[in-house]
Amino acid sequence: MIPAPIPPDNRPSITFSVVDQGTPFIDQETPFSALDLLLFQLPPSNEDVSVTNVPLSTSRGKFQPFHRKLWSFFRLKEGWDGYNAERPSILTIGRAVTTLTKLKELGLVPTNVSPSVEGGTSIYFIKGDKFADFEFFNSGDILAGLSDRVNEPVVLEVDIENIEATIERIRQFLND
Amino acid sequence: MISIPDRLLINGREPYQEFEPEEPLYFRFSSEHFPDETRLPVAAIRFPDFSVNRGKESQPTDVLIPHWVEFGIAEFEVRAIPLPYLSGDGRKFEFKVVHDPIDAKHPYYGAANQSFENYAHSEIRAFVGTEHQKKKIPEFIKKQFRLKMSDNTKIVVLLCPAPIVETLSSQD
């Protein structure tokens, strides 16, 4: 059965709260519609995901496709890469969403987001021969990488609480 | 499902470890990594034990066999494999391509109840001395390797239509 269209003024809104080891890790309003939720069909998880009705705040503009794509990674299955990749955990999706929000605040637009074959999620930037990324691993580690096809690549450990510093480093690398 | 071409059947052939620096190595990548530009993101590069097909024994589209026709194909040359890296504790990690054919008894990735013979199968592996390192590789070294490989990888084809794959795979 196809659900009846929801009048614009009465659209339900949701917030996903991802709780990391008992501590609220992210309380991020996401650009979901009720239809998205039906399509995503959240898989069983032992991670704590709560959904509550709150006024919807959408992430419009350049960042909205990235948010949608990130949350779509829920649908991936083990081995989604044609080899044996783990599916991204909700924690890595949440951390990438947090980082997208920070990137929006700081005005640095990524090229794209993707799941990682190493298990996790990634936000990456391409400018000419320069490549930079954040990679959020299911293990909990976060690394950033910078490479330009000429010099040895640079790997940075990332502190999610101080991610602004790495964002600025990436901006500087891309603009130099 | 497409048929397996004769060139990928082992037929009693032994693996050999001689690789020319210019020999291409092919691998497939998911539509999740179809690039916006000309570069494959680091998130598409796996390591260690990075599976590839050696170009001397296969065609690029063979990485889509038996059932990955909706994937892209990427390649790099043997000489693009990074030079050794030193870890913080002084261990020297070396990277080598190893010809490691898959025989018909090997259960293949994601293919429940199926087997797949692939003479061209090879892996990029990490070694400390002569010891193959499967797990305990520092994350920094893995990331460094993957960044370098992303630098040196070229996209062969984004989406190869199934009929073309079938035609290619029937040629030998």
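Start where the two chains meet: select the 26 residues of chain B that are in contact with 26 residues of chain A. Now pick out helix α1 of chain B, residues 139-152, which gives the most to the side of chain B that touches chain A, with eight residues. Colour that side of chain B by class and you get 10 nonpolar, six polar and 10 charged residues.

Keep in mind that this is a predicted model. It scores ipTM 0.85 and pTM 0.80. Colour chain B by pLDDT next: the mean is 86, and 83% of its residues reach 70 or more. Among the elements of chain B, strand β5 (residues 92-99) has the highest mean pLDDT, at 97, while helix α2 (residues 162-170) has the lowest, at 56.

Staying in chain B, click on Ile65(B). You'll land in the loop between β2 (50-54) and β3 (72-77) of chain B. Is Ile65(B) buried or exposed? It counts as buried, because it has 25 C-beta neighbours inside 10 Å.

Now hop over to chain A and select helix α3, residues 90-106. Its 17 residues reach 24 Å from first C-alpha to last, close to the 24 Å expected at 1.5 Å a residue. Show the side chains of the buried residues of α3(A), among them Ile90(A), Leu91(A), Ile93(A), Arg95(A), Val97(A), Leu100(A) and Leu103(A). Last stop: step off the end of α3(A) onto Gly107(A), which follows the helix and has a positive phi, near 70°.

Technical notes: Residues are numbered from 1 along each chain as its sequence is written. Chains are lettered from A and ligands numbered from 1 in the order in which they are written. This is a predicted model: local features need pLDDT of at least 70, side-chain atom pairs count only at pLDDT 80 or more; totals for chains, interfaces and linings use all residues. Two residues are in contact if their C-beta atoms, placed from the backbone, lie within 7 Å. Helices (H or I, at least four residues) and strands (E, at least two) are DSSP runs, numbered from the N terminus. Ala, Val, Leu, Ile, Met, Phe, Trp, Tyr, Cys and Pro count as nonpolar, Asp, Glu, Lys and Arg as charged, and the others, Gly among them, as polar. The expected span of a helix is 1.5 Å times one less than its number of residues. A residue is buried if 20 or more other C-beta atoms lie within 10 Å of its own, exposed if 12 or fewer, and partly exposed in between; C-beta atoms are placed from the backbone. pLDDT is the predictor's confidence in each residue, from 0 to 100.
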